[in-house]
Amino acid sequence: MSDSEKFPIDVFPEAEDMDLRPGADSCYKCSTCDTSCPVAEVDDDFPGPKFQGPEQWRLKRKEDVSVDESVMKCSNCMRCDGACPAEVPLSQMHNTARGEYVREEMSMLSREYWRNRILANYGTLARVGSKVPRLTNAIMGNSVVQRVNEKFLGITAEREFPDFATETFVEWFEARGGAKVQSDEKRVAYFHGDYANYNTPEVAKALVRVFEHYGYEVAVPDQRCSGTPMFANGMLDDARRAAKFNVEIFHDLVSEGYDIVCSCTSCSMALRQEYPELFSFDGTAEVAAHTYEALEYLRIYEDVEGDLKGANPDVPDLAYHAPCHARNQGLDGQAVNLFADLDGVSVTDVGDSCSGISGTYGWKEENYDTSMKIGEEMFEHMDDAPGETGLTECPTCAMQMGHGSGYEIRHPLEVVESALVE
Amino acid sequence: MIESDVLVIGGGLAGATAALSAAREGADVRLVSHKESTLRNASGLIDVLGYHDGDLLADPFSTLDNLPEGHPYERVGAEAVEDGLALFDEVLGDLYAGSHTEKNALVPTTGGAVKPTARYPKTVAPGLASDTNEMLLVGFETLTDFDAPLAAEHLENAGVPFEVRGVTARFPMLRADAKITRYAKVLDTNEKGIRSQLVEAIKPHLGDAERVGFPAVLGHDHPEKVREALGRELGAEVFEVPSGPPSLPGMRLENTLFAALREAGVTIETGNPVVDFEDSNGRIDHVKVKRTHQHVPYFANEFVLATGGLVGKGITSSREGVREPVFDLHIPHPENRYDWFEDDAFGDHPFARFGVAVDTDLRPRDSAGAVEFENLRAAGGVLGGADFAAEKSGSGISLATGQFAGKRAAQQS
Ligand SMILES: Cc1cc2nc3c(=O)[nH]c(=O)nc-3n(C[C@H](O)[C@H](O)[C@H](O)COP(=O)(O)OP(=O)(O)OC[C@H]3O[C@@H](n4cnc5c(N)ncnc54)[C@H](O)[C@@H]3O)c2cc1C
Ligand code: SF4
Ligand code: SF4
């Protein structure tokens, strides 16, 4: 196979010098993208994806205008991408426009800039916070601190900060002596991202145990944030640094025969789609071509479907929400289908609405109400579904689900672990 | 390994119908669709056959038997059309009207034409042109697709049996470039008492009108509630004039269909196209779904191709010719590009009929007329032999052939 067959993505070869041009001309103004945008549905001030993408570019091309600030209201859910019949690369245009807006229009002295930068670089915060998890949890959970955050940083006081685990995933992995299974054929490198490491190590542990159950050698290399929150905040320089680091490390592993698996659907989205759309470091395309969502990977290479049939995991009835970024990778039906024949558990799909939080979006004071309005439909459907436990792949969707319903939220990998690994 | 009894490729009306009917036969069904359903663009009207040889048809069923060999209706027969409609009626329940008669209903369009159709959303029902009640059409400055005064004038010229006026009003509260989903949302939730505000804006124009037609933005989740509330306060029946794309009636239809698919246990995956396949001994072994960069194999016993026509990208054309891109199926078309069109812009263009040619089991045939693959059927817009736009038969063909292909696939699987 030639390289261009293997990596059919080099549509925009000079990704890094890109302006808003690509694809603008193929838009035929059908407005389908607008009808799939969860923000435009509830927010009067948001002109929608068609404007943010192709129209904004056309405007810029004709006149000397700058990127409109409304692009910061786009939550980067990428639903518009999946809707456009003309394959206009809308989210790529939005990411680029946001980057340009932050670079050229936003004051680095502004509250917004620093608030966004802090939110986007959650991993840095987490790295420090997780050193003294109990203390950090106590401080972050303190309502005075929350109100101060809202007042001075514009981070909503309505939300509870996620707890830091007392032992990070990486600490756990090292303490157990690394991989328990060695294999030359079956090797996966785990891109856990910050959240599974610092906040939900149980998800990451489930991944390791499930893959080891199937005989895989699991590598857990040093890594940085996938960049998703940075794309969403227009912090393209931060994203570039993180991406470059990740690409170098994971490209080496790919060369050694590893495939990359992720437990967060925004991470897999970043590695397989956003990286090659925005950057072109050596190895970007290879990393993208070898990245999978964890369960997706097992579905392709193992008979996980058959193994789960009739299994009897120790989990309650679950209300499943498909994250927008899972939808875009065609993974929206996966969990419900996989778990359909489990014994004693019902898994109900709560529909195709967006949860509304979209990463850092719903953390911003000015977006909180919009975020909850978008999520309303999901909350209602969760309420109608049997059981009082949620299920999703995305950590921030999980936050929103928990926040709006009071439910505890699990990850599909935890269900598989409970079903297959004793 | 990803496998199912039946794999349906494409998530438009034909694919959804095929998946649903296969699931109802007891098969384990997966539906893979590249983009979100094109139903979002369709009007939501279900046309079976509106015109034949240029003549408006009062009763589509009287003409089904006269269609030429190779037409999708001829391939599956009138019974499949009835089965397809029956499935549709059952799923849409109270949301649609028209099932009480075999006759076409006449629905006013945004352009002020009158369109023959077999099934229509209940929100459209009070607007039928066969009714004699006085009508007021209301357009909004901010929704330029619907020029109500002009539409009223056209309807009058078309000789409708009722009085009709049109006004352009301002929609309260929303900014000029609000999306149609935003209109629907505020009406659904009655944000800031928007329904009453809207009624106050319309009342001065009401006169003796007994029914009032709006662009189709009257709610996404609760259109009946919105319509009833507006109607009560106005003292007149309220209806929608189907418009778009994009189209809320199409989106409501999509929601209901996909909810029925989930209910029936169909696995749905959107976002990735089927790009290739492997076959052996005249059967498709598996197809390959492109997930960003990987080509992931999807195995099934039976396959249904419902990728649509030129709009849905089920058929592509270039200077070299006309192609079916997934299986490279044979598409009969004249060698010479100049024979694809008639000189007259509104003529009977051959290209409008381009599509896959099938046997009476809907299996695509090669240029010699032989079945290409034992376990592949085609349904909906990808089929050749019909001029959907001129005949007004798009949705009916999708329902009839989708239902037929899904059922046959499930029985064989
Ligand atoms: C603007 C518009 C207005 C319409 N108005 C009416 C009307 O008033 N009355 C009426 O009766 N009908 C109308 N129709 C037609 C009707 O709604 C259906 O579009 C028609 O029946 C064709 O349906 P289909 O399912 O065959 O194809 P489509 O609806 O075109 O669906 C094809 C699907 O297949 C997917 N697909 C394509 N290639 C691949 C691939 N390689 N892999 C996976 N998936 C793929 C596409 O993403 C799409 O979801 C209208 C259509 C449009 C677009
Ligand atoms: S990414 Fe999501 S929020 Fe942003 S424009 Fe597209 S659909 Fe709207
Ligand atoms: S869906 Fe695509 S083609 Fe249609 S308006 Fe949006 S960008 Fe343009």
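This is a predicted model: local features need pLDDT of at least 70, side-chain atom pairs count only at pLDDT 80 or more; totals for chains, interfaces and linings use all residues.
I began with the strands of chain A. Four of them form an open sheet in the order E6-E5-E7-E8, and the pairing is parallel. I looked up which strands lie at the edges: they are strand E6 (347-349) and strand E8 (408-410) of chain A, each of which pairs on one side only. From one strand to the next the twist averages 30°.

I then took one pair from this sheet. Strand E7 of chain A covers residues 389-391 and is joined to E8(A) by three bridges, with the two running parallel. Within that pair I found Gly390(A) opposite Ile409(A), the latter in E8(A).

Next I asked how many residues surround ligand 2. I noted 13, and the closest are Cys37(A), Cys74(A), Cys77(A), Met78(A) and Cys80(A). Two helices of chain A, H3 (38-42) and H5 (79-83), each supply at least two residues of this shell. By class I recorded nine nonpolar residues, three polar and one charged around ligand 2.

I turned to the interface last. On the side of chain A I noted 51 residues in contact with 36 residues of chain B. The two chains bury about 3600 Å² between them, and 44% of that is on carbon and sulfur atoms. Which residues of chain A lose the most area to chain B? I listed Thr35(A), Glu41(A) and Asp44(A), which together make up 18% of what that side buries.

I also checked for charged pairs. The rule finds eight salt bridges across the interface of chain A and chain B. I wrote down the details of a salt bridge in which the side chains of Asp34(A) and Lys179(B) meet, at 3.8 Å from N to O. The cut-off for such a nitrogen-oxygen pair is 4 Å, so this pair counts.

Conventions
Residues are numbered from 1 along each chain as its sequence is written. Chains are lettered from A and ligands numbered from 1 in the order in which they are written. Side-chain values use heavy atoms; hydrogens and water are left out. Two strands pair if DSSP finds at least two bridges between them. Helices (H or I, at least four residues) and strands (E, at least two) are DSSP runs, numbered from the N terminus. Axes are lines fitted to C-alpha atoms, for helices over the stretch in contact, and angles run from 0 to 180 degrees between N-to-C directions. A residue is near a molecule or strand if one of its heavy atoms lies within 4 Å of it. Ala, Val, Leu, Ile, Met, Phe, Trp, Tyr, Cys and Pro count as nonpolar, Asp, Glu, Lys and Arg as charged, and the others, Gly among them, as polar. Contact means heavy atoms within 4.5 Å. Buried area is the accessible area (1.4 Å probe) that two parts lose on being put together, summed over both.
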